[in-house]
Amino acid sequence: MGLAACKHEIKNKEILTPSKAEQVRVVRETFDDYGFAKTPKFVHHNYTAMVSYIQELASNYPTITHLYTIGKSVQGRDLWVMEVTETPGQHIPGKPEVKYIANMHGNEVVGRELLLLFAKYLCENYNRTERITKLLNRTRLHLLYSMNPDGYELADINDKESLRGRSNANNVDLNRNFPDQFGRNQYNAHQEPETVAVMNWSLATPFVLSANLHGGALVANYPYDDSPKDFAYSSGYGDPRTVKNPTEENELFQYLAHVYANSHTTMHLGRPCPSFLRENFPDGITNGAAWYSVTGGMQDWSYVTGGAYELTLEVGCDKFPPASQLPDFWKQNREALLQYVEQAQHGITGYVRSTIGHPIGRASVQVNQIEHVTYTTANGDFYRLLLPGLYNVTAEAEGYEPQTLQVRIPPEADRAVIVDFQLMRDDPQHWSSAYDYRTLENVIKTRYHSDAELKATMAEFENKHYKSVEVEFGNEVSMAYPSVKVTDNIGTPEETKLHILIISSLFQTAAIGREMTMNLVRHVLAGYLIKEPLLIKLLQNAVLHFVPVKNDFEEIMDQFRANASVCNPTLHSDELADKLLNAETDHQKDMFLRMLKDDEYDLALTFAAGGHDVFFPNTDDKVAIYSRFAEKIKGHKYRQSGGSDGKCTVDAGQLHQVEATQRVTNAIHKLYEVPLFTMQLGCCKMPSEPSIASVWRQNLERMINFLRLIDTGIRGYVKDVHGAALRKAILRVRGNNLIYKVTPNLAHFRIVLPSGSMEIEISCYNYTSRIMPITLGDNQILDLGDIVMQEAARPRESIVEPPVPVEPQALPQQHHDFAVLEPSKTMKVFPQDGGVEVNAAVSGIVLDDGNHPLPNAKVYVSDAHSQQVLANGRTGPLGKFQFESLSSAKDIVVHAEPYGYEPGAKTIRQGPLGGASGIVFHLTRDERVLGLPRLVFVLLAGCISVGIIVGGIMCFMYIQARRRDARYYYNFSLLPQKGEPNRKLFDDDEETELFRASTTKLQPYYDDERDPITDTDDDSEEEIVMLNPSFRNSISQS
């Protein structure tokens, strides 16, 4: 089987050949109906019995088993794992690592018994059946029998509510306790001992395939188990909706789920359990988030962070069935357990080495630009599951040039295809030219800069780029927090631009944040100088405020000079984040809050250390705006480069920083309405100076992703019917409580939003609220133009009090989240109905299939029963329509008929009684011509055209033929000579003279005495005489 090379030729194109161990002689024995050489006892095993069972099994089969513990439970019970393979105890390149985990919920016991039986089955069949021998020779299988042994001891077979023993001894559901890619909540804020043990085990072993056995249903569940909306609430789950959320590798996950479900005797039938008759699982598989949301689940963590493809297998409806049913469970699941493990043989494996042959650990192997990345081990080997097909596989490592190979996996392959990479050392200057506009200061001889150097660099920015840079240094706030303001045409009005804050860190000890902030200034200015379109667009629409915090830097630098490997320096005083959370008055804190209050930033970014995550404000938001922003910022979110194993050390200081970051983020948003995102840059707050370049290179993409958030959103103006700006108007996205204000002069709004469909509500005191449905694509700014507001039908004073100013308190008051002075601002209060008129109204938008508005489209409303037209109208410039004061017909039909598009109609039940808003038409272009389908019309028109051409040619040929047949033919002959009327014109014997020559010889006349000019000699019999014109004239007159 060969591999086609894309950039480099792959020399090794072979499939792994069987080893001698694989060719071992198979001993034939008799097995019972369950597949065992000796029928086991089908009983439930408590912790003591389980440990005795697996220890006896390990002692009986020492050459193919290895028993070890990965940690302890809350109550001190060991979490035992048995490895079953040909040569246990060590990782072998090219041999995939697979794990099964059971009994995560203590009262779901079937999986625990299945794995005990499965281990016995494998051991007894090794070297006795060819299939099992091949499986264990090619696979390293790990079985964690009970992840929650404490919960099992509490579980009761008579507990029909299935509640006792589900959680661990601390009453924590372990399947809600893992870190989640979409956020944090009270369920996964702190990891339990069992969770930490499984996390460390998973990160220490390069698992390829995994499954988590549960009970209570019969289905194979694949990722993801949740979505961003599940973390859009400040507490609890809040929103019970289910939203399907598959991974980028959904085809592979569905294949794995089908393998297990189809191999199971009944799972593939999709029958619901008696207790949940409404549940329906076609083919016995489901996406987790589409079934019900599980935040902090192990399945998603194993895929996102652990690197393994994991399913959650619900193996039976009864969580704690009688022991008499265990034989049936074994028969139902035995083949499925085997076939699932066998899928680990599909994919690619190989090494990533340097050009001189050294293995490269923690190199990333990426397939077709899919975000999920596989990493090499310390030995440089990797293993990646893939379905048959053609792939572009890229290997990349820090300090090396990436290499891409084209790999084909044939359908008939029964082993992983070997793909080896050889990477060349890269050149920082080359990287800088490719990604950083050749800003060499960011990657060459990097170091930490003192406050004085920082100030000089900021002044240099202003001197070199005076048209786009202004250093803010002079007033009380900027003295404490000097900043660099960057925008297009500095000094021009900025009311319609977004204001974005980039502050180095809320933790002064994170000195790496200062360098990243200054590097980002250089990057933006270098791109703007060469007219990079993305940065030109950025600075034309936004004002960037860069603030490198200088507080306490000298103390931190002294520690670094004393010990360059300090990594996480400390302060004798509080960090800025701690001061913000403290009730005591502090100048640094006051100036920082004053900066937030005065400038009213639209977005903010800060940097931290201790990991690779992105923190964002937790708000009650069904649209999940901020969590979706965080996902977009993460971008290549699986790329982690902490230590050699990608992990950062977790200690009390790091945990405190995480907690403080989230509290400060939430409080800043709550009090100042500034969405602050915190980007963790890596493990160290102050890495070595040469490592600054690495941190910059690893995080530049995420910084650009943050700046590019502004590429998607809406803008416009809010005015009354007379065109006057409504400066008190506010906007919000329906489904959350976020308020967006218009600008104080032009009543302009510019809102950064994620892509998708949503409804925008516009409100203003004494005006009727409006709701506008919108659909945004990625990197699309939707211009809503002038939004005209109608005055409310009833006086607003009878509904709500006018805005009440809140005076600032003289003394600070303790806030449960944030002990700071309340900002001075005006609180706007609006009625629940937003001033919407009581009359029934129907409104919506007409879009084409590309989500572009269709202006001037005909829209009308008719009675659903009598077809009587109730209202007529046309869409506005933005494709919007609205009908008010409709009749009380209960069922209506709204019709949209734009020119050149297929008509659309939507039936609304009970519509006009309460009104219906948010109606969206997505219409396709009308391909018909003269009432005929376009293809038919083209064929018909072509035939007619050909017919016309053929008819024209035939007519032309016919006319030519007629002319040829009717042409007269004339005989031309010599006329008779004078005096010879009867003489034949042509005589065979004589020559006939046609033209008689003159017999009179004319003499020329000359005015002067000279000889005539002739062209012949004198003795010529004939001569041609050239006459004077005057002589010719005299002859003619005579």
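Colleague: What makes S5 and S8 a pair in this predicted model?

Modeller: Two strands pair if DSSP finds at least two bridges between them. Strand S5 (residues 207-214) and S8 are joined over six bridges, in the parallel sense, so they count as a pair. Within these strands, Ser210 stands opposite Glu310 in S8.

Colleague: Which order do the strands of the open sheet have?

Modeller: The order is S1-S2-S4-S3-S5-S8-S6-S7, eight strands with mixed pairing.

Colleague: Why are S1 and S7 called edge strands?

Modeller: Strand S1 (65-72) and strand S7 (285-287) are called edge strands because each pairs on one side only. From one strand to the next, the twist averages 25°.

Colleague: What makes you say that helix H5 packs on the sheet?

Modeller: Contact means heavy atoms within 4.5 Å. Helix H5 (residues 193-204) touches S1, strand S2 (78-84), strand S3 (97-102), strand S4 (140-144) and S5. The direction of H5 makes about 135° with that of S1.

Colleague: Where is Thr312, and why is Thr312 called buried?

Modeller: Thr312 lies in strand S8 (residues 309-316). The relative accessible area of Thr312 is 5%, and buried means under 20%, so Thr312 is buried.

Colleague: Which residues does Thr312 touch, not counting residues up to four places away in sequence?

Modeller: Thr312 touches Asn212, His214, Val219, Ala220, Asn221, Asp225 and Gln299.

Colleague: What separates the C-alpha atoms of Thr312 and Ala211?

Modeller: Those C-alpha atoms are separated by 5.8 Å, while Thr312 and Ala211 are 101 residues apart along the chain.

Notes. Residues numbered from 1 in each chain as written. Predicted model: local features only at pLDDT ≥ 70, side-chain atom pairs only at ≥ 80, totals over all residues. Heavy atoms only, no water. Helix = DSSP H or I, 4+ residues; strand = E, 2+ residues; numbered from the N terminus. Buried < 20%, exposed > 50% of the residue type's maximum accessible area, 1.4 Å probe, protein only. Axes fitted to C-alpha atoms, helices over the stretch in contact; angles between N-to-C directions.
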